[in-house]
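Subject: Structure handover

Hello,

Here is the structure for your files.

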Amino acid sequence: MGETRTWPAVAVASAITLICAIAGGIAASAAVAELTRGPSQAELREAQAAETALRWERWPVGRVFPASLAYNSEQGGRELARRVGVSTRTDCRSAVDTAAVKALRAAGCRAVLRATYLDGLQGVVVTIGVAAFPDAARARTALAAFPREGAPVPGLRALPFPGTVTDRFTAGGRQAATVRQAGPYLVLTTAGQVDGRPARGVGQQRATIFSFAGDLSGDVAAILTAPVSPDCRAREWQC
C-alpha cells in the first residue's frame, strides 16, 4: 500500500488558523482603537447640545439669573437692572397664560424658570422666564404660541414679590413682552410699571420705556447657550 500523505490537510488547517489569527488581530486592533480614540466632532456637538439642554436644571439659579444685568437706558447710558427674586415654582402650567400651556406641553416643556428684575430708576418691573425643552427643534415649535409683536397676552405671567416695590405688578399690569429662542430654550419677558397701572389705562404708550427688557433677555439667552469646551471626564458630559 502506498504511503498516506497528510501534509495538504495540515497546510490547509495551518492557513485557516493563520487567517483567523490575522482577522482576530485586526478585530482586536479595531476594538482597541475604538475604545481609545477621542470623541469625534459629531459626538462633541451632541455632547454640547445635551449639556446645554440640562443647564436649567444643573446650574445654580444665580448663574441663570444673575443678581444684576446691564442694559442700555433710554438716555443712551448703561444701567443695571437688579434681581428682586426668583420663583420657587418651575412647572410650565403656572408660568404662562392658559392659552399658551397646551403648546408648551405639546413641545415637551420641561420647566419654566422665572425671576423678576427692577430697572435702575425703580419704575419698571420685568419678569424673565426661561422655558426649557428637550432640544432646539421643540423650542422652535413652542415659539409659535406667543405673539411676536410685543403683546403681553398670551405670554409669561407676572411674578410680583410682596413687601417689595414689585408687589403691584400683576396680570393686568403687563404692558409689553418679548420672546426669543435660544437653542433648547425660549427666553420670555413681560414688563410693566411699579404702580401696577393696567395697560388699558395707558393712553399713548411709550414703547421705549420697556425696550430694555430685550437687553435682559438677550443676556440670559447668551448665558444659557454660551459654548464651552466639552470635558468628557466630567459627570455632566456624555461624549
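The largest cavity is lined by Phe146, Pro147, Gly150, Ala151, Pro154, Gly155, Leu156, Ala177, Thr178, Val179, Leu188 and Thr189. A cavity here is a set of points, on a 1 Å grid over the protein atoms alone, where a 1.4 Å probe fits but cannot get out; lining residues have an atom within 4 Å of a point. Strand 5 and strand 6 are the elements that give two or more residues to this lining. Strand 5 gives the most, with three residues. The volume of the largest cavity is about 60 Å³. It is the space filled by probe spheres set on the grid points, which are joined across faces, edges and corners. By this rule there is one cavity of 30 Å³ or more.

Two notes on the source. This is a predicted model, in which local features need pLDDT of at least 70 and side-chain atom pairs count only at pLDDT 80 or more, while totals for chains, interfaces and linings use all residues. Residues are numbered from 1 along each chain as its sequence is written, and side-chain values use heavy atoms, with hydrogens and water left out.

Pro154, one of the lining residues, has a further feature. The peptide bond from Val153 to Pro154 is cis, with omega near -5 degrees. Pro154 sits in the loop between helix 7 (136-143) and strand 5. Gln122 is also worth a look. Its phi is positive, about 60 degrees, although Gln122 is not a glycine. Gln122 belongs to the loop between strand 3 and strand 4. At 49% relative accessibility, Gln122 is partly exposed. For comparison, most residues other than glycine have a negative phi, and most peptide bonds are trans.

Now the overall fold. The protein has eight helices and six strands. Both are DSSP runs numbered from the N terminus: helices are H or I with at least four residues, strands are E with at least two. Along the sequence the pattern reads α-α-α-α-β-β-α-α-β-β-α-β-β-α. Of the 239 residues, 38% are buried. Buried means under 20% relative accessible area, exposed means over 50%, and partly exposed is in between (1.4 Å probe, protein chains only). The protein exposes about 13300 Å², with carbon and sulfur atoms supplying 56% of it. These areas come from the Shrake-Rupley method with a 1.4 Å probe. Among contacts with a separation of 6 or more, 68% join residues 24 or more positions apart. Contact means heavy atoms within 4.5 Å.

Next, the nonpolar cores. Such a core is a set of buried Ala, Val, Leu, Ile, Met, Phe, Trp, Tyr and Cys residues joined through side-chain atoms within 4.5 Å. The largest has 29 residues, and Phe65, Tyr117, Val126, Ile128, Val130, Leu216 and Val220 touch the most other members. Strand 1 (68-72), strand 3, strand 4 (124-132), strand 5 (176-182), strand 6 (185-193) and helix 8 (212-225) each give two or more residues to this core. Helix 8 supplies the largest share, six residues. Leaving aside neighbours within four places in sequence, Leu216 is in contact with Leu69, Ala70, Tyr71, Ala81, Tyr117, Val126 and Ile128. Another core, of 20 residues, lies apart from the largest one and includes Ala131, Ala145, Leu156 and Leu186.

Ala131 lies in strand 4. Ala131 is buried, at 1% relative accessible area. Beyond four places in sequence, the contacts of Ala131 are Ala111, Val112, Pro184, Tyr185, Leu186 and Leu188. Pro184 and Tyr185 are also among the residues that Thr52 touches, along with Leu224 and Thr225. Thr52 is in helix 2 (residues 41-53) and is buried at 8% relative accessibility.

Last, the disulfide. The structure holds one, counted as a pair of cysteine sulfur atoms within 2.5 Å. Cys92 and Cys109 form this link, with their sulfur atoms 2.1 Å apart. At -90 degrees about the S-S bond, the link is left-handed. Cys92 lies in helix 5 (residues 92-95) and Cys109 in the loop between helix 6 (98-106) and strand 3 (111-118), so the pair ties together parts that are 17 residues apart in sequence. Cys92 is buried at 12% relative accessible area. Cys109 is buried too, at 15%.

Best wishes

Key
On a 1 Å grid over the protein atoms alone, a cavity is a set of points where a 1.4 Å probe fits but cannot get out, and a pocket is an open set with protein on both sides within 12 Å along at least five of seven lines; lining residues have an atom within 4 Å of a point.
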